[in-house]
Amino acid sequence: MADKIKLVQRDTRPQLRATLTYEGDADPAVPVDITGGTPRLYFRRAGETALLDTLVGTVLNGPAGIVVFDWGPSTLDVAPGAYEGQIEVTFADGGRQTVYDILKFAVRGEFDAP
């Protein structure tokens with residue numbers, strides 16, 4: 001995983017693509033089958049508890065655990081700085097699994113366009 005995902009204020013791309021895996025006793029980690037599940041990315045400013053946005057992901061390949069998240073039109077309309085994300089999947093049976101690692105984001109200010 002990258003140290004920080006670098007983004008620019010007010011952008012709506014690039015998509016964030018993630019492959020969800022579970023290490024447990026497996027070496028290497030095995031994909032989490034997210035078929036029929038609803039993945040969500042919770043986005044907040046680093047060090048704070050209030051959520052700024054919740055993105056619902058699109059499952060590209062359920063058995064391989066591949067999901068993409070599209071930034072909303074106002075998700076990155078935030079002050080430059082450090083942000084965090086947490087991915088969680090709610091499965092069809094109501095079970096919930098949260099990715100242990102927290103995503104780190106660095107958002108820089110955009111240039112003023114003429």
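**Aromatic cluster and salt bridges**

Modeller: Phe43, Trp71, Tyr83 and Phe105 together make up one aromatic cluster. The model is a predicted one. Across the whole structure, a search returns four aromatic pairs. Two of these pairs are described here in detail.

The rings of Phe43 and Tyr83 have centres 5.3 Å apart and planes at 10 degrees, so this pair is stacked; the angle falls under the 30 degrees that limits the stacked class. Phe43 belongs to strand β5 (residues 38-45) and Tyr83 to strand β9 (residues 81-90), so the contact ties together parts that are 40 residues apart in sequence. As for solvent, Phe43 is buried, its relative accessible area being 0%. Tyr83 also counts as buried, at 3% relative accessibility.

Phe43 takes part in a second pair, with Phe105.

Arg44 and Glu84 meet in a salt bridge, with a distance of 2.8 Å from N to O. Arg44 lies in strand β5 and Glu84 in strand β9, and the two are 40 residues apart. Their exposure is described by opposite sides of a cut-off: buried means under 20% relative accessible area. Arg44, at 26%, is partly exposed, whereas Glu84, at 10%, counts as buried.

In total, the structure has five salt bridges. Among them are two that involve Arg10. The side chain of Arg10 meets that of Asp77 at 3.2 Å, N to O. Arg10 is in the loop between β1 (5-8) and β2 (16-19), while Asp77 is in the loop between β8 (66-69) and β9, so this bridge ties together parts that are 67 residues apart in sequence. Both ends are partly exposed: Arg10 has 41% relative accessibility, and Asp77 has a relative accessible area of 44%.

The other bridge of Arg10 is to Glu110, at 2.9 Å from N to O. Glu110 lies in the segment after β11, and Arg10 in the loop between β1 and β2, so the parts tied together are 100 residues apart in sequence. Glu110 is partly exposed, with a relative accessible area of 32%. Through shared partners, the salt bridges join Arg10, Asp77 and Glu110 into one network.

Conventions: Residues numbered from 1 in each chain as written. Predicted model: local features only at pLDDT ≥ 70, side-chain atom pairs only at ≥ 80, totals over all residues. Heavy atoms only, no water. Phe/Tyr/Trp six-rings, centres within 6.5 Å; stacked < 30°, edge-to-face > 60°. Helix = DSSP H or I, 4+ residues; strand = E, 2+ residues; numbered from the N terminus. Buried < 20%, exposed > 50% of the residue type's maximum accessible area, 1.4 Å probe, protein only. Salt bridge = Lys/Arg side-chain N within 4 Å of Asp/Glu carboxyl O.
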